[in-house]
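Thank you all for coming; I would like to walk through one structure with you, slowly, and please have the display in view as I talk.

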Amino acid sequence: MDANAPRGLLRAFTELKDPRMNRTKKHSLGDILAIAICAIICGADAWTQVAKFGRCKIKWFQTFLDLPNGIPSHDTFGRVFAALDPTAFEACFMKWVSDLAEASAGRLIAIDGKTIRRSLDTANSKAAIHMVNAWCQANQMVLGQVATDAKSNEITAIPKLLALLDIRGAVVTIDAAGCQKKIAQQIVDQGGHYVLQLKGNQGSLHKETVLLFDQCLTDDCRGVSYTTAATTDGGHGRIEERRIWATSEIGWFAEKNKWKDLRCLIRVRSKRTVNGETSTEDRYYISDLPAHNPSGLLGYIRGHWGVENNLHWSLDISFAEDDRRVRKGHGAENFARLSRIALNLLQAEKTNDGGIKTKRLCCGWDHDYLLKV
């Protein structure tokens, strides 16, 4: 196994500016990044654990890192990542991901936000960090992320994140927070397609769409053509049924031209039965895709929730992100980015059939497997 494998990853970060003054540097930025990434892959969830991991593995790290002054202290890790420019760090991250992730037409890119709860710093009047992530279903990877100070700022963060991404030929899914005319316009202008969830934040469009489908369902859509498809799955006493109705007949909507290339209105009815008790929920969407492939549309809508199950769940359960108490400077945002680097690497390694948590343990036990990851 090539002990220089970590340096291949670090090449993407060679242009990252070190925030420290030269006279204060006892450890290179590359060494700090390599130790931090390896430690977080292996289970470290705080700077103290990163430093402890480095000290426990110092003989191994010395086989491919210079380490002229040994392993940095946890204070050094904390100070460096608190000062590191998150925008520059993100640019390097995305350069690395673009080489790692394969782009394909029709791929799903789900955009959704997640708050890092323990990053709230009331003593310094600092809101909890809210990371808006772009998740590629096909590659099972984080393509990029932008931090905001509050969930309400997703409307400004999403355009910034989209501008960093190559979405040509992709289908971008966003929940109701991102259902905005300018966001739809940007997605199409960048060569992508959109499926946006529709709620009361788009008053007239939402109300008229609900009314249209209510009439369709009660009157069998007389005079309105539509397509439909359904799926059923379940297990362990749970059954989930989903039915989609999609129509391209939107000429009646007065503001249709204000939504870039709007072609389709969608209703999805989810019926969930657990231990004999059934609940039903209707959700509505708009898209620039045509209505003739309802199964494909339903696949994109269901696929959007992969960002919850495969990204947010992994960050909470396998990386304990909500319990992390990193708060100083840019530390919380940059630790979150390191966690996403680790998650991408673990997702990309396919020879181990265990989950993310098991893979992290294996990396800590086996140097060869860690280098493979």
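Predicted model: local features only at pLDDT ≥ 70, side-chain atom pairs only at ≥ 80, totals over all residues.

Leaving aside its neighbours within four places in sequence, which residues is Ala 342 in contact with? The residues are Ile 40, Ile 41 and Phe 319, and Ala 342 itself sits in helix 12, residues 331-348. With a relative accessibility of 0%, Ala 342 counts as buried.

Let me turn to helix 2, residues 29-41, whose axis comes within 11 Å of that of helix 5, residues 74-83, with a crossing angle of roughly 105°. Because angles of 65 to 115 degrees count as roughly perpendicular, that is how helix 2 and helix 5 are described relative to each other. On the helix 2 side the contact is made by Leu 29, Ile 32, Leu 33, Ile 35 and Ala 36, and on the helix 5 side by Thr 76, Phe 77, Val 80 and Phe 81. Sorted by class, that contact has eight nonpolar residues, one polar residue and no charged ones.

Now for the cores. The largest nonpolar core has 96 residues, and those with the most contacts inside it are Phe 81, Ile 111 and Ile 286. Helix 2 supplies the largest share of this core, namely eleven residues. Apart from it lies another core, of 16 residues, which includes Val 171, Ala 229, Ile 244 and Val 268.

Terms used
Residues numbered from 1 in each chain as written. Heavy atoms only, no water. Axes fitted to C-alpha atoms, helices over the stretch in contact; angles between N-to-C directions. Helix = DSSP H or I, 4+ residues; strand = E, 2+ residues; numbered from the N terminus. Parallel < 35°, antiparallel > 145°, perpendicular 65-115°, else oblique. Contact = heavy atoms within 4.5 Å. Nonpolar A, V, L, I, M, F, W, Y, C, P; charged D, E, K, R; others polar. Core = buried A, V, L, I, M, F, W, Y, C linked by side-chain atoms within 4.5 Å. Buried < 20%, exposed > 50% of the residue type's maximum accessible area, 1.4 Å probe, protein only.
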